[in-house]
There are 2 protein chains.
Amino acid sequence: MNRHLRINGRPCAVVNADDRGLTYGDGLFETVWMTSGKAPLWPRHMARLGEGCRRLGMPAPDPDRLWRDVLAACNGLASATVRITWTRGSGPRGYAPPASARPTCIVSAAPATPWPADWYHHGICMHLCRTRLAVQPALAGLKHLNRLEQVLARREWDDPQVGEGLMLDTQDRVISATAANVFALRGDTLCTPAVDRCGVAGTARAELLARRPDAEEVRWSLDALLAADAVFVTSAVRGIVPVRELDGRTWPPSARVRRLQDAWQSAGLPGGVVA
Amino acid sequence: MNRHLRINGRPCAVVNADDRGLTYGDGLFETVWMTSGKAPLWPRHMARLGEGCRRLGMPAPDPDRLWRDVLAACNGLASATVRITWTRGSGPRGYAPPASARPTCIVSAAPATPWPADWYHHGICMHLCRTRLAVQPALAGLKHLNRLEQVLARREWDDPQVGEGLMLDTQDRVISATAANVFALRGDTLCTPAVDRCGVAGTARAELLARRPDAEEVRWSLDALLAADAVFVTSAVRGIVPVRELDGRTWPPSARVRRLQDAWQSAGLPGGVVA
(Lines give C-alpha, C1' and ligand atoms only; values in the text may rest on other atoms or scores of the structure.)
Protein backbone atom coordinates (compact mmCIF):
# COMPACT_ATOMS: atom_id res chain seq x y z
CA MET A 1 0.00 0.00 0.00
CA ASN A 2 1.32 3.42 -0.99
CA ARG A 3 1.19 5.45 2.21
CA HIS A 4 1.33 8.67 0.20
CA LEU A 5 -2.04 7.97 -1.42
CA ARG A 6 -5.24 8.49 0.54
CA ILE A 7 -8.86 8.34 -0.49
CA ASN A 8 -11.57 9.83 1.69
CA GLY A 9 -9.15 10.21 4.55
CA ARG A 10 -7.68 6.69 4.56
CA PRO A 11 -4.83 4.90 2.80
CA CYS A 12 -6.38 3.50 -0.37
CA ALA A 13 -5.39 3.25 -4.02
CA VAL A 14 -8.66 2.69 -5.90
CA VAL A 15 -11.93 4.45 -6.61
CA ASN A 16 -15.31 3.07 -7.62
CA ALA A 17 -15.76 2.66 -11.35
CA ASP A 18 -18.98 4.72 -11.20
CA ASP A 19 -17.21 7.75 -9.76
CA ARG A 20 -18.35 10.78 -11.72
CA GLY A 21 -14.78 12.05 -11.76
CA LEU A 22 -14.07 9.11 -14.04
CA THR A 23 -17.33 8.89 -15.97
CA TYR A 24 -17.64 12.59 -16.81
CA GLY A 25 -14.58 14.39 -15.46
CA ASP A 26 -17.04 15.79 -12.91
CA GLY A 27 -14.65 17.23 -10.37
CA LEU A 28 -11.71 19.47 -9.62
CA PHE A 29 -8.08 19.20 -8.64
CA GLU A 30 -5.26 21.15 -7.06
CA THR A 31 -1.53 20.60 -7.27
CA VAL A 32 0.08 21.90 -4.10
CA TRP A 33 3.77 22.48 -3.41
CA MET A 34 4.73 21.41 0.12
CA THR A 35 7.99 21.96 1.91
CA SER A 36 8.81 21.16 5.55
CA GLY A 37 5.14 20.66 6.31
CA LYS A 38 4.08 24.01 4.88
CA ALA A 39 2.16 24.95 1.73
CA PRO A 40 2.62 28.68 1.21
CA LEU A 41 -0.20 28.98 -1.33
CA TRP A 42 -2.67 26.82 0.62
CA PRO A 43 -5.28 29.59 1.12
CA ARG A 44 -5.28 30.25 -2.63
CA HIS A 45 -5.68 26.56 -3.42
CA MET A 46 -8.61 26.35 -1.01
CA ALA A 47 -10.17 29.50 -2.44
CA ARG A 48 -10.02 28.14 -6.00
CA LEU A 49 -11.30 24.72 -4.95
CA GLY A 50 -14.19 26.32 -3.07
CA GLU A 51 -15.03 28.54 -6.02
CA GLY A 52 -14.96 25.50 -8.31
CA CYS A 53 -17.34 23.61 -6.04
CA ARG A 54 -19.68 26.58 -6.00
CA ARG A 55 -19.71 26.91 -9.77
CA LEU A 56 -20.12 23.18 -10.36
CA GLY A 57 -22.76 22.94 -7.62
CA MET A 58 -21.07 20.34 -5.50
CA PRO A 59 -20.24 20.22 -1.78
CA ALA A 60 -16.88 21.81 -0.88
CA PRO A 61 -14.27 20.15 1.31
CA ASP A 62 -13.54 21.19 4.85
CA PRO A 63 -10.10 22.84 4.49
CA ASP A 64 -8.89 21.83 7.97
CA ARG A 65 -9.75 18.19 7.43
CA LEU A 66 -8.20 18.27 3.98
CA TRP A 67 -5.03 19.82 5.37
CA ARG A 68 -4.69 17.01 7.91
CA ASP A 69 -5.07 14.55 5.05
CA VAL A 70 -2.39 16.35 3.04
CA LEU A 71 0.00 16.23 5.99
CA ALA A 72 -0.67 12.51 6.43
CA ALA A 73 0.01 11.86 2.74
CA CYS A 74 3.27 13.83 2.92
CA ASN A 75 4.54 11.93 5.94
CA GLY A 76 8.27 11.40 5.48
CA LEU A 77 8.64 13.63 2.43
CA ALA A 78 10.76 16.75 2.99
CA SER A 79 9.40 18.42 -0.11
CA ALA A 80 6.47 17.18 -2.14
CA THR A 81 3.95 17.96 -4.82
CA VAL A 82 0.51 16.97 -3.62
CA ARG A 83 -2.39 16.41 -5.93
CA ILE A 84 -5.84 16.81 -4.38
CA THR A 85 -8.66 15.46 -6.55
CA TRP A 86 -12.20 16.29 -5.46
CA THR A 87 -14.98 14.65 -7.47
CA ARG A 88 -18.76 14.59 -7.21
CA GLY A 89 -18.43 10.95 -6.10
CA SER A 90 -20.35 7.92 -7.23
CA GLY A 91 -23.62 8.47 -8.97
CA PRO A 92 -26.28 6.80 -11.07
CA ARG A 93 -26.03 6.85 -14.84
CA GLY A 94 -26.71 9.99 -16.74
CA TYR A 95 -25.39 13.52 -16.62
CA ALA A 96 -27.83 14.64 -13.90
CA PRO A 97 -25.82 14.99 -10.69
CA PRO A 98 -27.25 13.21 -7.64
CA ALA A 99 -29.28 15.55 -5.45
CA SER A 100 -26.99 14.92 -2.50
CA ALA A 101 -23.55 14.13 -3.79
CA ARG A 102 -20.98 12.49 -1.53
CA PRO A 103 -17.69 13.71 -3.00
CA THR A 104 -14.61 11.57 -3.36
CA CYS A 105 -11.37 13.06 -2.04
CA ILE A 106 -8.08 11.71 -3.38
CA VAL A 107 -4.84 13.03 -1.90
CA SER A 108 -1.60 11.86 -3.45
CA ALA A 109 1.87 13.07 -2.50
CA ALA A 110 5.09 12.48 -4.40
CA PRO A 111 8.63 13.79 -3.98
CA ALA A 112 9.07 17.07 -5.82
CA THR A 113 10.84 16.63 -9.17
CA PRO A 114 12.60 19.94 -9.76
CA TRP A 115 13.23 21.46 -13.16
CA PRO A 116 16.89 21.95 -14.12
CA ALA A 117 18.48 24.92 -12.33
CA ASP A 118 19.59 26.21 -15.72
CA TRP A 119 15.98 26.71 -16.74
CA TYR A 120 15.49 29.11 -13.84
CA HIS A 121 18.59 31.05 -14.85
CA HIS A 122 18.42 31.10 -18.62
CA GLY A 123 14.83 30.18 -19.30
CA ILE A 124 12.91 27.38 -20.96
CA CYS A 125 12.36 26.64 -24.59
CA MET A 126 8.64 26.80 -25.26
CA HIS A 127 6.75 24.91 -27.94
CA LEU A 128 3.95 26.74 -29.73
CA CYS A 129 0.99 24.36 -29.48
CA ARG A 130 -1.28 23.70 -32.43
CA THR A 131 -4.02 22.54 -30.04
CA ARG A 132 -6.20 25.47 -29.09
CA LEU A 133 -8.21 26.14 -25.94
CA ALA A 134 -11.95 26.39 -26.51
CA VAL A 135 -13.70 29.51 -25.23
CA GLN A 136 -15.97 28.41 -22.38
CA PRO A 137 -16.71 31.08 -19.76
CA ALA A 138 -18.76 28.61 -17.68
CA LEU A 139 -15.61 26.64 -16.86
CA ALA A 140 -12.90 29.27 -17.33
CA GLY A 141 -10.51 29.76 -14.44
CA LEU A 142 -11.35 26.45 -12.76
CA LYS A 143 -8.91 23.60 -12.39
CA HIS A 144 -11.47 20.95 -13.31
CA LEU A 145 -10.93 17.39 -14.48
CA ASN A 146 -11.77 18.02 -18.16
CA ARG A 147 -8.21 18.28 -19.42
CA LEU A 148 -8.15 16.69 -22.85
CA GLU A 149 -7.06 19.94 -24.43
CA GLN A 150 -3.95 19.98 -22.26
CA VAL A 151 -3.32 16.29 -22.94
CA LEU A 152 -3.52 16.84 -26.70
CA ALA A 153 -1.29 19.91 -26.47
CA ARG A 154 1.29 18.10 -24.32
CA ARG A 155 1.40 15.25 -26.85
CA GLU A 156 2.76 17.66 -29.44
CA TRP A 157 6.35 17.49 -28.23
CA ASP A 158 8.59 14.94 -26.59
CA ASP A 159 11.88 16.82 -26.66
CA PRO A 160 12.98 16.90 -22.99
CA GLN A 161 14.71 20.21 -23.68
CA VAL A 162 11.31 21.83 -24.21
CA GLY A 163 9.90 22.89 -20.86
CA GLU A 164 6.41 23.96 -21.75
CA GLY A 165 3.97 24.66 -24.56
CA LEU A 166 2.17 27.92 -25.23
CA MET A 167 -1.56 27.63 -25.84
CA LEU A 168 -3.74 30.11 -27.71
CA ASP A 169 -7.51 29.95 -27.70
CA THR A 170 -9.62 29.29 -30.78
CA GLN A 171 -9.82 33.05 -31.30
CA ASP A 172 -6.03 33.46 -31.55
CA ARG A 173 -5.50 34.96 -28.11
CA VAL A 174 -2.60 33.88 -25.93
CA ILE A 175 -3.92 32.14 -22.80
CA SER A 176 -1.35 30.04 -20.94
CA ALA A 177 1.16 27.22 -20.94
CA THR A 178 -0.20 23.66 -20.73
CA ALA A 179 0.44 23.46 -16.98
CA ALA A 180 1.42 27.00 -16.02
CA ASN A 181 0.32 30.59 -16.51
CA VAL A 182 2.16 33.09 -18.64
CA PHE A 183 3.34 36.58 -17.76
CA ALA A 184 5.19 39.17 -19.78
CA LEU A 185 6.98 42.41 -19.11
CA ARG A 186 6.50 45.32 -21.47
CA GLY A 187 8.87 47.90 -20.10
CA ASP A 188 7.94 48.04 -16.43
CA THR A 189 4.40 46.82 -17.01
CA LEU A 190 3.62 43.30 -15.88
CA CYS A 191 0.96 41.62 -18.03
CA THR A 192 -0.80 38.26 -18.00
CA PRO A 193 -3.62 36.91 -20.17
CA ALA A 194 -7.12 37.12 -18.72
CA VAL A 195 -8.55 33.71 -17.86
CA ASP A 196 -12.24 34.58 -17.86
CA ARG A 197 -12.99 32.85 -21.18
CA CYS A 198 -10.69 29.86 -20.91
CA GLY A 199 -7.56 28.79 -19.08
CA VAL A 200 -6.88 28.13 -15.43
CA ALA A 201 -6.57 30.83 -12.78
CA GLY A 202 -3.33 29.55 -11.29
CA THR A 203 -2.56 30.03 -7.63
CA ALA A 204 0.93 31.33 -8.39
CA ARG A 205 -0.65 33.72 -10.90
CA ALA A 206 -3.08 34.93 -8.22
CA GLU A 207 -0.21 35.36 -5.75
CA LEU A 208 1.83 37.40 -8.19
CA LEU A 209 -1.15 39.57 -9.12
CA ALA A 210 -1.75 40.21 -5.42
CA ARG A 211 1.89 41.23 -4.96
CA ARG A 212 1.80 43.44 -8.05
CA PRO A 213 -1.54 45.26 -8.10
CA ASP A 214 -0.27 47.34 -11.01
CA ALA A 215 -0.22 44.24 -13.25
CA GLU A 216 -2.59 44.16 -16.20
CA GLU A 217 -4.79 41.34 -17.43
CA VAL A 218 -4.64 41.41 -21.22
CA ARG A 219 -6.07 39.82 -24.36
CA TRP A 220 -2.98 39.45 -26.49
CA SER A 221 -2.25 37.95 -29.87
CA LEU A 222 0.88 35.86 -30.27
CA ASP A 223 2.57 38.84 -31.92
CA ALA A 224 1.91 40.98 -28.87
CA LEU A 225 3.52 38.36 -26.64
CA LEU A 226 6.51 38.02 -28.93
CA ALA A 227 6.97 41.80 -28.80
CA ALA A 228 7.29 41.74 -24.98
CA ASP A 229 10.64 42.49 -23.33
CA ALA A 230 10.54 39.35 -21.21
CA VAL A 231 8.23 36.37 -20.83
CA PHE A 232 7.96 33.90 -17.98
CA VAL A 233 5.69 31.16 -16.71
CA THR A 234 4.34 30.67 -13.21
CA SER A 235 3.08 27.61 -11.41
CA ALA A 236 2.44 26.61 -7.82
CA VAL A 237 5.01 23.84 -8.18
CA ARG A 238 7.64 25.47 -10.42
CA GLY A 239 7.48 29.04 -9.22
CA ILE A 240 8.66 31.71 -11.68
CA VAL A 241 10.56 30.43 -14.73
CA PRO A 242 11.72 32.63 -17.61
CA VAL A 243 11.09 31.77 -21.25
CA ARG A 244 14.19 31.77 -23.42
CA GLU A 245 12.77 30.82 -26.78
CA LEU A 246 9.36 30.68 -28.43
CA ASP A 247 8.44 30.46 -32.10
CA GLY A 248 11.85 31.67 -33.28
CA ARG A 249 11.99 34.59 -30.86
CA THR A 250 14.65 34.50 -28.15
CA TRP A 251 14.93 36.50 -24.97
CA PRO A 252 18.12 37.04 -22.94
CA PRO A 253 17.94 36.67 -19.15
CA SER A 254 16.03 39.60 -17.68
CA ALA A 255 17.16 41.35 -14.51
CA ARG A 256 13.53 42.25 -13.80
CA VAL A 257 12.40 38.62 -13.96
CA ARG A 258 15.34 37.65 -11.76
CA ARG A 259 14.18 40.17 -9.15
CA LEU A 260 10.70 38.66 -9.24
CA GLN A 261 12.24 35.21 -8.74
CA ASP A 262 14.32 36.44 -5.82
CA ALA A 263 11.30 38.01 -4.12
CA TRP A 264 9.35 34.81 -4.74
CA GLN A 265 11.94 32.63 -3.08
CA SER A 266 12.43 35.08 -0.23
CA ALA A 267 8.74 34.63 0.52
CA GLY A 268 9.23 30.87 0.85
CA LEU A 269 7.71 30.12 -2.53
CA PRO A 270 9.19 27.48 -4.85
CA GLY A 271 11.94 28.05 -7.36
CA GLY A 272 15.20 26.61 -8.48
CA VAL A 273 17.43 29.68 -8.45
CA VAL A 274 20.51 29.35 -6.30
CA ALA A 275 21.68 32.87 -5.59
CA MET B 1 -19.58 -8.28 -6.55
CA ASN B 2 -21.73 -6.81 -9.31
CA ARG B 3 -21.52 -9.36 -12.11
CA HIS B 4 -22.63 -6.73 -14.61
CA LEU B 5 -19.49 -4.65 -14.06
CA ARG B 6 -16.20 -5.76 -15.57
CA ILE B 7 -12.83 -4.07 -15.73
CA ASN B 8 -10.17 -5.24 -18.16
CA GLY B 9 -12.14 -8.39 -18.88
CA ARG B 10 -12.82 -9.50 -15.33
CA PRO B 11 -15.50 -8.82 -12.70
CA CYS B 12 -14.22 -5.81 -10.77
CA ALA B 13 -15.69 -2.60 -9.39
CA VAL B 14 -12.72 -0.28 -8.88
CA VAL B 15 -10.02 1.47 -10.88
CA ASN B 16 -6.64 2.80 -9.83
CA ALA B 17 -6.71 6.34 -8.51
CA ASP B 18 -4.01 7.32 -11.02
CA ASP B 19 -6.10 6.30 -14.02
CA ARG B 20 -5.93 9.10 -16.56
CA GLY B 21 -9.63 8.73 -17.18
CA LEU B 22 -10.07 10.06 -13.67
CA THR B 23 -7.18 12.49 -13.45
CA TYR B 24 -7.77 14.24 -16.79
CA GLY B 25 -10.87 12.74 -18.39
CA ASP B 26 -8.38 11.16 -20.79
CA GLY B 27 -10.59 8.59 -22.46
CA LEU B 28 -13.78 7.79 -24.33
CA PHE B 29 -17.07 6.05 -23.77
CA GLU B 30 -19.95 4.44 -25.60
CA THR B 31 -23.48 3.74 -24.43
CA VAL B 32 -24.80 0.70 -26.25
CA TRP B 33 -28.37 -0.57 -26.41
CA MET B 34 -28.52 -4.37 -26.18
CA THR B 35 -31.50 -6.62 -26.66
CA SER B 36 -31.56 -10.42 -26.73
CA GLY B 37 -27.79 -10.53 -27.04
CA LYS B 38 -27.68 -8.16 -30.01
CA ALA B 39 -26.52 -4.56 -30.36
CA PRO B 40 -27.80 -3.28 -33.71
CA LEU B 41 -25.54 -0.23 -33.75
CA TRP B 42 -22.40 -2.08 -32.62
CA PRO B 43 -20.36 -1.39 -35.78
CA ARG B 44 -21.10 2.34 -35.42
CA HIS B 45 -20.07 2.32 -31.77
CA MET B 46 -16.83 0.57 -32.67
CA ALA B 47 -16.18 2.97 -35.54
CA ARG B 48 -16.60 6.01 -33.27
CA LEU B 49 -14.50 4.49 -30.51
CA GLY B 50 -11.76 3.65 -32.98
CA GLU B 51 -11.85 7.14 -34.42
CA GLY B 52 -11.66 8.61 -30.92
CA CYS B 53 -8.61 6.51 -30.09
CA ARG B 54 -6.96 7.61 -33.31
CA ARG B 55 -7.60 11.29 -32.61
CA LEU B 56 -6.52 11.07 -28.97
CA GLY B 57 -3.49 8.95 -29.91
CA MET B 58 -4.25 5.96 -27.72
CA PRO B 59 -4.45 2.23 -28.47
CA ALA B 60 -7.87 1.08 -29.69
CA PRO B 61 -9.72 -1.92 -28.28
CA ASP B 62 -10.09 -5.20 -30.10
CA PRO B 63 -13.80 -5.17 -31.03
CA ASP B 64 -14.22 -8.97 -30.80
CA ARG B 65 -12.73 -9.11 -27.35
CA LEU B 66 -14.78 -6.12 -26.26
CA TRP B 67 -17.94 -7.75 -27.61
CA ARG B 68 -17.31 -10.88 -25.54
CA ASP B 69 -16.88 -8.66 -22.51
CA VAL B 70 -20.16 -6.86 -23.26
CA LEU B 71 -21.98 -10.19 -23.56
CA ALA B 72 -20.50 -11.34 -20.27
CA ALA B 73 -21.59 -8.13 -18.53
CA CYS B 74 -25.13 -8.49 -19.95
CA ASN B 75 -25.48 -12.06 -18.74
CA GLY B 76 -29.07 -12.53 -17.53
CA LEU B 77 -30.36 -9.18 -18.78
CA ALA B 78 -32.96 -9.42 -21.56
CA SER B 79 -32.47 -5.81 -22.52
CA ALA B 80 -29.71 -3.55 -21.28
CA THR B 81 -27.85 -0.32 -21.70
CA VAL B 82 -24.14 -0.99 -21.64
CA ARG B 83 -21.58 1.67 -20.94
CA ILE B 84 -18.09 1.00 -22.27
CA THR B 85 -15.42 3.32 -20.86
CA TRP B 86 -12.01 3.20 -22.49
CA THR B 87 -9.30 5.29 -20.83
CA ARG B 88 -5.59 5.79 -21.43
CA GLY B 89 -5.01 3.82 -18.21
CA SER B 90 -2.70 4.58 -15.33
CA GLY B 91 0.07 7.04 -15.90
CA PRO B 92 2.66 9.18 -14.18
CA ARG B 93 1.84 12.73 -13.17
CA GLY B 94 1.51 15.41 -15.76
CA TYR B 95 -0.44 15.83 -18.95
CA ALA B 96 2.12 14.01 -21.11
CA PRO B 97 0.62 10.63 -21.99
CA PRO B 98 2.83 7.60 -21.32
CA ALA B 99 4.66 6.49 -24.46
CA SER B 100 3.06 3.06 -24.29
CA ALA B 101 -0.32 3.39 -22.66
CA ARG B 102 -2.13 0.36 -21.29
CA PRO B 103 -5.78 1.37 -21.55
CA THR B 104 -8.39 0.60 -18.95
CA CYS B 105 -11.60 -0.98 -20.20
CA ILE B 106 -14.73 -0.69 -18.04
CA VAL B 107 -17.89 -2.45 -19.18
CA SER B 108 -21.02 -1.91 -17.15
CA ALA B 109 -24.49 -3.25 -18.01
CA ALA B 110 -27.77 -2.22 -16.44
CA PRO B 111 -31.39 -3.04 -17.23
CA ALA B 112 -32.76 -0.60 -19.81
CA THR B 113 -34.92 2.11 -18.23
CA PRO B 114 -37.40 3.09 -20.95
CA TRP B 115 -38.84 6.54 -21.36
CA PRO B 116 -42.63 6.83 -21.02
CA ALA B 117 -44.49 5.49 -24.06
CA ASP B 118 -46.37 8.78 -24.22
CA TRP B 119 -43.13 10.61 -24.99
CA TYR B 120 -42.69 8.51 -28.12
CA HIS B 121 -46.25 9.30 -29.22
CA HIS B 122 -46.68 12.94 -28.27
CA GLY B 123 -43.12 14.10 -27.77
CA ILE B 124 -40.96 15.40 -24.97
CA CYS B 125 -40.86 18.80 -23.39
CA MET B 126 -37.41 20.22 -23.94
CA HIS B 127 -35.60 22.72 -21.73
CA LEU B 128 -33.56 25.43 -23.43
CA CYS B 129 -30.17 25.23 -21.69
CA ARG B 130 -28.30 28.35 -20.65
CA THR B 131 -25.04 26.36 -20.59
CA ARG B 132 -23.37 26.57 -23.98
CA LEU B 133 -21.08 24.15 -25.77
CA ALA B 134 -17.60 25.51 -26.45
CA VAL B 135 -16.35 25.37 -30.03
CA GLN B 136 -13.48 22.87 -30.08
CA PRO B 137 -12.90 21.15 -33.45
CA ALA B 138 -10.08 19.02 -31.97
CA LEU B 139 -12.60 17.15 -29.82
CA ALA B 140 -15.84 17.65 -31.78
CA GLY B 141 -17.76 14.53 -32.64
CA LEU B 142 -16.02 12.34 -30.07
CA LYS B 143 -17.75 10.82 -27.07
CA HIS B 144 -14.89 11.59 -24.71
CA LEU B 145 -14.86 11.77 -20.94
CA ASN B 146 -14.77 15.57 -20.68
CA ARG B 147 -18.45 16.11 -20.03
CA LEU B 148 -18.72 19.00 -17.59
CA GLU B 149 -20.69 21.06 -20.09
CA GLN B 150 -23.36 18.36 -20.22
CA VAL B 151 -23.33 18.01 -16.43
CA LEU B 152 -23.84 21.76 -15.99
CA ALA B 153 -26.59 21.79 -18.61
CA ARG B 154 -28.38 18.81 -17.06
CA ARG B 155 -28.31 20.53 -13.67
CA GLU B 156 -30.50 23.28 -15.06
CA TRP B 157 -33.75 21.35 -14.65
CA ASP B 158 -35.14 18.74 -12.29
CA ASP B 159 -38.72 18.57 -13.57
CA PRO B 160 -39.23 14.87 -14.44
CA GLN B 161 -41.68 15.94 -17.15
CA VAL B 162 -38.79 17.52 -19.08
CA GLY B 163 -37.13 14.87 -21.20
CA GLU B 164 -34.12 16.68 -22.54
CA GLY B 165 -32.35 20.01 -22.83
CA LEU B 166 -31.36 21.77 -26.02
CA MET B 167 -27.80 23.06 -26.18
CA LEU B 168 -26.48 25.84 -28.38
CA ASP B 169 -22.81 26.56 -28.83
CA THR B 170 -21.11 29.77 -27.70
CA GLN B 171 -21.76 31.19 -31.18
CA ASP B 172 -25.56 30.75 -30.91
CA ARG B 173 -25.83 27.71 -33.16
CA VAL B 174 -28.07 24.81 -32.25
CA ILE B 175 -25.96 21.69 -31.65
CA SER B 176 -27.71 18.90 -29.75
CA ALA B 177 -29.57 17.75 -26.67
CA THR B 178 -27.51 17.00 -23.54
CA ALA B 179 -27.49 13.23 -24.26
CA ALA B 180 -29.01 12.95 -27.73
CA ASN B 181 -28.75 14.48 -31.17
CA VAL B 182 -31.37 16.73 -32.68
CA PHE B 183 -33.08 16.46 -36.06
CA ALA B 184 -35.73 18.62 -37.71
CA LEU B 185 -38.00 18.35 -40.70
CA ARG B 186 -38.47 21.38 -42.91
CA GLY B 187 -41.07 20.21 -45.36
CA ASP B 188 -39.64 16.91 -46.59
CA THR B 189 -36.06 17.93 -45.85
CA LEU B 190 -34.42 16.18 -42.93
CA CYS B 191 -31.83 18.38 -41.16
CA THR B 192 -29.45 17.93 -38.26
CA PRO B 193 -26.79 20.24 -36.84
CA ALA B 194 -23.23 19.63 -37.96
CA VAL B 195 -21.01 18.31 -35.17
CA ASP B 196 -17.62 19.25 -36.58
CA ARG B 197 -17.07 22.17 -34.19
CA CYS B 198 -18.65 20.75 -31.04
CA GLY B 199 -21.18 18.12 -30.01
CA VAL B 200 -21.12 14.35 -30.25
CA ALA B 201 -21.54 12.40 -33.49
CA GLY B 202 -24.20 10.04 -32.15
CA THR B 203 -24.45 6.50 -33.47
CA ALA B 204 -28.21 6.80 -33.95
CA ARG B 205 -27.56 10.07 -35.80
CA ALA B 206 -25.04 8.30 -38.05
CA GLU B 207 -27.50 5.47 -38.66
CA LEU B 208 -30.28 7.84 -39.65
CA LEU B 209 -27.97 9.85 -41.92
CA ALA B 210 -26.95 6.59 -43.61
CA ARG B 211 -30.59 5.66 -44.14
CA ARG B 212 -31.45 9.12 -45.43
CA PRO B 213 -28.59 10.28 -47.67
CA ASP B 214 -30.73 13.27 -48.67
CA ALA B 215 -30.48 14.67 -45.12
CA GLU B 216 -28.64 17.96 -44.61
CA GLU B 217 -26.12 18.92 -41.95
CA VAL B 218 -26.89 22.49 -41.00
CA ARG B 219 -25.67 25.40 -38.87
CA TRP B 220 -28.91 26.73 -37.46
CA SER B 221 -29.85 29.45 -35.04
CA LEU B 222 -32.52 28.68 -32.44
CA ASP B 223 -35.01 30.61 -34.57
CA ALA B 224 -34.33 28.33 -37.53
CA LEU B 225 -34.98 25.28 -35.39
CA LEU B 226 -38.17 26.77 -33.97
CA ALA B 227 -39.36 27.42 -37.52
CA ALA B 228 -39.07 23.73 -38.44
CA ASP B 229 -42.20 21.65 -39.06
CA ALA B 230 -41.14 18.92 -36.67
CA VAL B 231 -38.24 18.34 -34.29
CA PHE B 232 -37.03 15.11 -32.75
CA VAL B 233 -34.08 13.72 -30.84
CA THR B 234 -32.13 10.55 -31.51
CA SER B 235 -30.01 8.37 -29.28
CA ALA B 236 -28.62 4.87 -29.38
CA VAL B 237 -30.60 4.03 -26.26
CA ARG B 238 -33.82 6.01 -26.79
CA GLY B 239 -34.21 5.74 -30.54
CA ILE B 240 -36.28 8.46 -32.21
CA VAL B 241 -38.34 10.67 -29.91
CA PRO B 242 -40.34 13.69 -31.05
CA VAL B 243 -40.14 17.07 -29.36
CA ARG B 244 -43.48 18.52 -28.29
CA GLU B 245 -42.43 21.79 -26.71
CA LEU B 246 -39.36 24.02 -26.68
CA ASP B 247 -39.00 27.64 -25.64
CA GLY B 248 -42.73 28.33 -25.93
CA ARG B 249 -43.09 26.69 -29.35
CA THR B 250 -45.22 23.55 -29.54
CA TRP B 251 -45.38 20.93 -32.27
CA PRO B 252 -48.25 18.48 -32.79
CA PRO B 253 -47.43 14.83 -33.51
CA SER B 254 -45.94 14.50 -36.98
CA ALA B 255 -46.89 11.66 -39.31
CA ARG B 256 -43.45 11.94 -40.93
CA VAL B 257 -41.65 11.47 -37.63
CA ARG B 258 -43.95 8.57 -36.83
CA ARG B 259 -42.94 6.88 -40.08
CA LEU B 260 -39.27 7.33 -39.17
CA GLN B 261 -39.97 5.74 -35.78
CA ASP B 262 -41.79 2.81 -37.40
CA ALA B 263 -38.94 2.17 -39.81
CA TRP B 264 -36.48 2.43 -36.92
CA GLN B 265 -38.26 -0.19 -34.88
CA SER B 266 -38.80 -2.43 -37.89
CA ALA B 267 -35.03 -2.51 -38.24
CA GLY B 268 -34.68 -3.80 -34.69
CA LEU B 269 -33.59 -0.44 -33.30
CA PRO B 270 -34.86 0.85 -29.94
CA GLY B 271 -38.02 2.81 -29.42
CA GLY B 272 -41.08 2.88 -27.24
CA VAL B 273 -43.84 3.15 -29.83
CA VAL B 274 -46.41 0.39 -29.63
CA ALA B 275 -48.10 0.27 -33.01
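This is a predicted model: local features need pLDDT of at least 70, side-chain atom pairs count only at pLDDT 80 or more; totals for chains, interfaces and linings use all residues.
## Where chains A and B meet

In β3(B), Val14(B) is the bridge partner of Asn16(A).

Let's step back to the whole contact. Chain A puts in 43 residues and chain B puts in 44 residues. Sorted by type, the side of chain A that touches chain B has 22 nonpolar, 14 polar and seven charged residues.

Now for two single residues. Trp86(A) sits in strand β5 of chain A. Is Trp86(A) buried or exposed? Trp86(A) is buried, because 25 other C-beta atoms lie within 10 Å. Beyond its neighbours within four places in sequence, Trp86(A) is in contact with several residues, among them Gly27(A), Phe29(A), Leu49(A) and Cys105(A).

Gln161(B) is found in the loop between α5 (148–154) and β8 (162–168) of chain B. Gln161(B) counts as exposed because it has 10 C-beta neighbours inside 10 Å.

Each of these residues also has a partner from elsewhere in its chain:

| Pair | Apart in sequence | C-alpha to C-alpha |
|---|---|---|
| Trp86(A) and Leu28(A) | 58 residues | 5.3 Å |
| Gln161(B) and Ile124(B) | 37 residues | 7.9 Å |

Notes:
Residues are numbered from 1 along each chain as its sequence is written. Chains are lettered from A and ligands numbered from 1 in the order in which they are written. Two residues are in contact if their C-beta atoms, placed from the backbone, lie within 7 Å. Ala, Val, Leu, Ile, Met, Phe, Trp, Tyr, Cys and Pro count as nonpolar, Asp, Glu, Lys and Arg as charged, and the others, Gly among them, as polar. Two strands pair if DSSP finds at least two bridges between them. Helices (H or I, at least four residues) and strands (E, at least two) are DSSP runs, numbered from the N terminus. A residue is buried if 20 or more other C-beta atoms lie within 10 Å of its own, exposed if 12 or fewer, and partly exposed in between; C-beta atoms are placed from the backbone.
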